[in-house]
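Please read the following note beside the model, point by point.

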Amino acid sequence: MADPAQISTPPAVELRKIDKSFYGVLANADVDFSLSRGEVHALLGENGAGKSTLCSVIAGLYRPDSGEMLMDGEVVDLKSPKDALAAGIGMVYQHFRLVSNLTVAENLALGNPEVGLRLSQSELEAEARELGERYDFPVDPTARIWQLSVGQQQRVEILKLLYRNVRILILDEPTAVLTPQEGQALFRAMRSLADEGRSLIFVSHKLHEVKQVSDRVTVLREGRVVGEVATADAEPRDLARMMVGKDLELPTREPNAAIGEPVLVVKDLVVADDRGLDAVDGLSLTVSAGEVVGIAGVSGNGQRELAQGIVGLMKVSGGSVELSGKDVTSTSVLRKIKRGIAYVPQNRLGMGLAPGLDTEDNLALKQFREPPYSNGPMLNQKAFKTKGAELIKGFDIRGVRPGLPIRLLSGGNLQKALIAREVTQDHCVLIARSPTRGLDVGATAVVREQILAERDRGIAVLLISEDLDELLALSDRLVVIYEGKIVGEMPASEATAERLGLLMSGHSEEQPA
Ligand SMILES: Nc1ncnc2c1ncn2[C@@H]1O[C@H](COP(=O)(O)OP(=O)(O)OP(=O)(O)O)[C@@H](O)[C@H]1O
Ligand SMILES: [Mg+2]
């Protein structure tokens with residue numbers, strides 16, 4: 001006989017009428033939300049819709065301005081992430097928080113009151129290994145964080161929370177940094193965690209992922225819940241419409257007939273990584289005016305070093321880089337910018353933008369030495385503001401308020417700001433790494449349109465991405481990088497995700513897999 005108490009089991013987490021505002025802007029407004037035991041609950045919404053804020057409220061990082069939170073039917077008042085962790089709630093943030101010179105095992109132990117005198121190093125490592133194996137999520141417990149790929153670091157973040165035995169696991173855009181294969185491994189782990197009776201919140205912009213891994217979906221728009229549906233009843237199209245309030249099509253590429261002269265010519269390039277190994281290992285590549293060349297590869301195969309080597313942020317130890325026929329191999333970054341390289345890095349806040357300055361200042365950052373922004377030693381504030389306002393409107397950058405540090409914009413809006421700045425300065429080459437990573441459908445469309453517009457204006461575009469959909473949608477020619485070398489090349493018309501995927505994993509085309 002069914003136990004009546006069982007039937008009316010209260011949700012693991014319930015939010016009632018949650019409001020949270022920042023500087024007068026409602027990031028969450030009147031939000032009701034419930035998370036059941038054993039479910040994967042997806043949160044969807046445009047950039048800036050309030051997903052991370054809602055997650056952070058549940059994880060105890062932000063205190064709501066009003067409303068209440070219940071766990072298993074009891075009102076709780078979480079004052080800090082530490083409180084939340086003690087209550088069984090853990091969150092993996094969009095930006096990781098591991099200590100990079102400690103080992104995996106040491107990171108797991110960090111902040112755990114039970115560890116310390118009780119456990120020896122080898123016991124700790126054995127536990128870490130066992131935990132990884134249980135969820136088919138292996139990591140080397142003795143490795144130091146800086147030695148791990150981003151995907152592996154994320155596993156450590158998750159294992160760290162499982163080590164603390166959380167019942168509620170919040171994953172804020174976990175797949176944005178993963179390869180498709182790593183993503184699948186994560187989904188399997190998520191499923192088995194849910195099957196054990198844990199509850200998961202999953203944030204993603206990729207509707208097919210939401211469709212694959214979640215049981216229920218809540219959609220936010222401008223801080224408010226606009227719908228909650230069982231995943232099985234929701235078609236991706238419907239979800240997209242709920243998010244943006246209208247139908248949306250991503251731009252598709254028309255082949256470019258007007259490919260011009262070579263602009264960026266890379267010959268036998270060698271660039272060492274932070275450990276001194278040749279991460280780019282004798283790579284040659286040409287990008288012509290009006291052409292998008294896409295570089296596909298599993299992350300960590302030399303993409304970062306290739307981009308930074310060309311731009312001048314990393315030292316080139318062999319080979320050459322030519323820009324419009326001029327050798328710029330060892331030219332300074334500043335000179336390269338002047339010569340016409342625009343660069344959209346993967347790490348928006350670390351490298352692309354000045355986190356503490358406001359949006360308008362960031363938009364003028366690269367040109368502040370030149371008129372009209374400066375006149376001798378004086379900066380012209382008015383010129384900053386005018387240009388800023390223009391770009392903010394033109395590129396639909398939302399959430400900007402005067403004086404608000406740009407780091408507080410949502411991920412998608414940060415990316416729009418970075419691209420706006422880069423493409424509006426004089427340049428002949430655009431190098432972009434994963435430009436739509438973490439962007440919502442609408443922002444992705446804006447960025448893709450910009451990249452295609454660049455190409456149509458005759459800019460040579462080098463697109464480095466782990467997202468095959470993106471590469472296939474934008475590139476005129478595709479090149480696959482593996483262990484620092486080009487292992488395959490094809491025109492867009494001959495490229496398929498399958499063919500690229502095989503090359504990316506190190507299978508050559510001659511010997512069938
Ligand atoms: N600490 C903060 N200070 C000021 N404003 C903030 C802060 N955190 C978020 N916001 C603002 O609140 C709104 C909601 O942001 P949030 O980060 O929750 O969005 P999101 O849905 O997670 O977006 P994304 O998909 O880009 O990650 C945005 O307008 C953002 O600029
Ligand atoms: Mg977010």
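**Notes on the predicted model**

1. The residues of the contact between α15 and α16 divide into 4 nonpolar, 1 polar and 2 charged, where Ala, Val, Leu, Ile, Met, Phe, Trp, Tyr, Cys and Pro count as nonpolar, Asp, Glu, Lys and Arg as charged, and the others, Gly among them, as polar. The packing angle is about 15° and the axes are 11 Å apart, with α15 covering residues 411-424 and α16 residues 441-456; axes here are lines fitted to C-alpha atoms, for helices over the stretch in contact, and angles run from 0 to 180 degrees between N-to-C directions. On the α15 side K416, I419 and V423 take part, and they meet A443, V447, Q450 and E454 of α16, contact meaning heavy atoms within 4.5 Å.

2. On provenance, this is a predicted model, in which local features need pLDDT of at least 70 and side-chain atom pairs count only at pLDDT 80 or more, while totals for chains, interfaces and linings use all residues. Residues are numbered from 1 along each chain as its sequence is written, chains are lettered from A and ligands numbered from 1 in the order in which they are written, and side-chain values use heavy atoms, with hydrogens and water left out.

3. For the chain as a whole, there are 18 helices and 22 strands, helices (H or I, at least four residues) and strands (E, at least two) being DSSP runs numbered from the N terminus. The radius of gyration is 24 Å, which agrees with the value near 24 Å that a compact globule of 513 residues would have; the radius is taken over C-alpha atoms, and the globule rule is 2.2 Å times the number of residues to the power 0.38. The C-alpha trace spans about 80 × 55 × 45 Å along its principal axes. Of the contacts with a separation of 6 or more, 68% are between residues 24 or more positions apart, and buried residues make up 52% of the 513 residues, where buried means under 20% relative accessible area, exposed over 50% and partly exposed in between (1.4 Å probe, protein chains only).

4. How do α6 and α7 pack, and at what angle? Helix α6 (residues 150-163) and helix α7 (residues 180-195) pack at about 10°, with their axes 11 Å apart, and that makes α6 roughly parallel to α7. From α6 the contact draws on G151, Q152, Q154, R155, I158 and L162, and from α7 on E182, A185, L186 and L193. By class, these residues divide into 5 nonpolar, 3 polar and 2 charged.

5. Helix α6 also packs on α5 (residues 121-134), where the axes come within 10 Å and cross at roughly 105°, so that α5 and α6 are roughly perpendicular to each other. L124, E127, L131 and G132 of α5 make this contact with L159, L162 and Y163 of α6, and by class it has 5 nonpolar, 1 polar and 1 charged residues.

6. Two buried residues deserve a look. T218, in strand β9 (residues 216-221), is buried with a relative accessible area of 2% and touches F33, H41, A42, L43, L44, V225, G227 and E228, residues up to four places away in sequence not being counted. S434 lies in the loop between β19 (429-433) and α16 and counts as buried at 6% relative accessibility; leaving aside neighbours within four places in sequence, S434 is in contact with Q346, R348, Q415, I464, S465, E466 and E470.

7. Backbone angles may be checked at two loop residues. Y23, in the loop between β1 (13-22) and β2 (25-35), has a positive phi of about 50° although it is not a glycine, and Y23 is exposed, with a relative accessible area of 60%. D136, in the loop between α5 and α6, has a phi near 55°, again a positive value in a residue other than glycine, and D136 counts as exposed at 52% relative accessibility.

Terms used. Angles under 35 degrees count as roughly parallel, over 145 as roughly antiparallel, 65 to 115 as roughly perpendicular and the rest as oblique.
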